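User: I am new to this structure and would like a close look at a single part of it. Please take me through that part carefully.

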Amino acid sequence: MLRPSHHFCHAMPTSPQYVIGLDFGTSSVRALLVDVATGREVAEAVRPFPRWDAGEFCDPDLNQFRQHPLDHLEGLTEVVREVVALVDDPAQIVALAVDATASTPGPVNEQGRALGLLPEFAAEPDALFILWKDHTAVAEAEEINQLARSWGGPDYTKYSGGVYSSEWFWSKITRITRHNERVVRAAHSWLEHCDWLTLELTGQPLAELKRSRCAAGHKAMWHPEWNGLPAEKFLTQLEPKLAGLRARLYEHTYPADEAAGSLSPEWAAKLGLRPETVVAVGTVDAHAGGVGAGITPYTLVKVMGTSTCDIVVVPPADLAGRPPIAGICGQVEGSVVPGLVGLEAGQSAFGDLLAWFEELLGWPLAAVLARAPSLSDKQREELRQEAEDNLLQLLTEAAQALPFTQSPVLALDWVNGRRTPDANHHLQGALRNLTMGSSAPEIFRALVEALCYGSRHILERFESEGVAIRQIIAIGGVAKKSDYLMQTLADVLGRRIVVAASEQVPALGAAMYAAVAAGCHPSVEAAQQAMGSGFLEAYTPDPARTAAYDARYAEYLAFGEFVEATTPGPDSPASPAVT
């Protein structure tokens, strides 16, 4: 693979050389400054997205979740400047790379400027970035699935698990195209979040941008078998207003360990870096997490946050001559590690499910505090924050104290639909076996167990399709914060799980990509060897509990089949409208 001609890493540097990994998550951005030779994490900085935190441009009742590009640019500037200030000489920072949630597309004008940055679109939700968890395009996803099987050409869902999701690129763009003529007229093209950030940092013309293979292959049905994106004829059959868009998108894609360019003079000045600083091709956060965790063939990396992404890599020869894996979020060569096929699956709600329950229980307290005349606003906020900080811990302690055999409540984890196996975002969460004696800790335990059952369903799909999982690595906030959930997961899966040591594994993976793009390491594998953080702890399953969970897991599957069979589809009059 060709590397950039402007290498900045030296074989024997006189001073340390660093790279920056930038990880854009659901609610915040983080920068990680890493020594390219040792992997030492020199500094990190995190900034929340204030407009997102305030709930701007979002409507959970409509499954609408949008993010303003100013949140991203302001956070990017702050976190990079914070870590750069800790370096003696900015010339020591040779490269940076961006990972971001996906599919999170946004419309741009002919110059590549995000429409949300233009005054006339600054308050228009449809002109902003459509976050991965936005499910307003459920009907459009269903149309894509039906058309892919009937239009007479290739089934473009073939390498996307056979089911296209409302979380993904074309569903969301089709939805906006149909419902907002003003945005459609202004949108020259659309960019995934990681690609837009790369374009912003390099300042290059839109036509010269190297698009992420990871985002294109897993979210936009890009594949070499049909020369890139779905054909113009397919797209215009889906929606005539999409005519001409394909030609304004891209044909070629690139792995994340290649250089996309270097910092523009404007961004270099703003960040305190040199214009020669290499900017790597962007990628998806979970896939960068796989690299940062030390993924190797047949390792399952579980990225556990608001949702989960389950990442596996497999040598192409091992999949040759076999049908694509059904019901997952894609298989794309080079999407995680060049030369290996990246496989992705996951759950649409993980930490989000527990946060929903916490908010549900906390609402009465917040309402009572709001009406307490004897309390000042400061006291109300302090009491509310104390309750929020302690509620999950109290629930966890109470759930752990329950007798193991006492578990009549059964839950489904589909409060945000089901991502895999077999995407279906019409599905909703459910509880069974509630009685007058059901307690909050029992329901909490049922929700935790449901998350673990959903994880097991994904693992079993991989293995039933011939991808044997040899090791499981967990990363993310949930993996670090909840011993109870992690032990339950190990017991339900019947597998040993190790937890990556780094607090910012996706950012570390992005830093590894940046190091390769700058020529500091010859390959992603070499960067992993030199810069990996190792593991903190391991969770070993209890055989007796695993055997008991086998029976409960069977009940979970049966409950899920019942709920799915009775869930209205997009054409049913009982199905709630999404506007």
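In what sense do β12 and strand β13 pair, and over how many bridges?

Analyst: This is a predicted model, in which local features need pLDDT of at least 70 and side-chain atom pairs count only at pLDDT 80 or more, while totals for chains, interfaces and linings use all residues. Residues are numbered from 1 along each chain as its sequence is written, and side-chain values use heavy atoms, with hydrogens and water left out.

Strand β12 (residues 299–304) and strand β13 (residues 308–314) pair in the antiparallel sense over four bridges, where strands are DSSP runs of E with at least two residues, numbered from the N terminus, and two strands pair if DSSP finds at least two bridges between them. Valine 303 has cysteine 309 as its bridge partner in β13, and a hairpin of three residues joins β12 to β13. β12 also runs parallel to strand β18 (residues 471–475), to which five bridges join it, with leucine 300 standing opposite isoleucine 472.

In a regular strand, the side chains alternate between the two faces of the sheet. Both faces of β12 are covered, since Thr299, Val301 and Val303 on one side and Leu300, Lys302 and Met304 on the other are all buried, that is, under 20% relative accessible area with a 1.4 Å probe and protein chains only.

Leaving aside neighbours within four places in sequence, leucine 485 is in contact (heavy atoms within 4.5 Å) with residues including Met304, Phe350 and Val478.

Methods: Buried means under 20% relative accessible area, exposed over 50%, partly exposed in between (1.4 Å probe, protein chains only).
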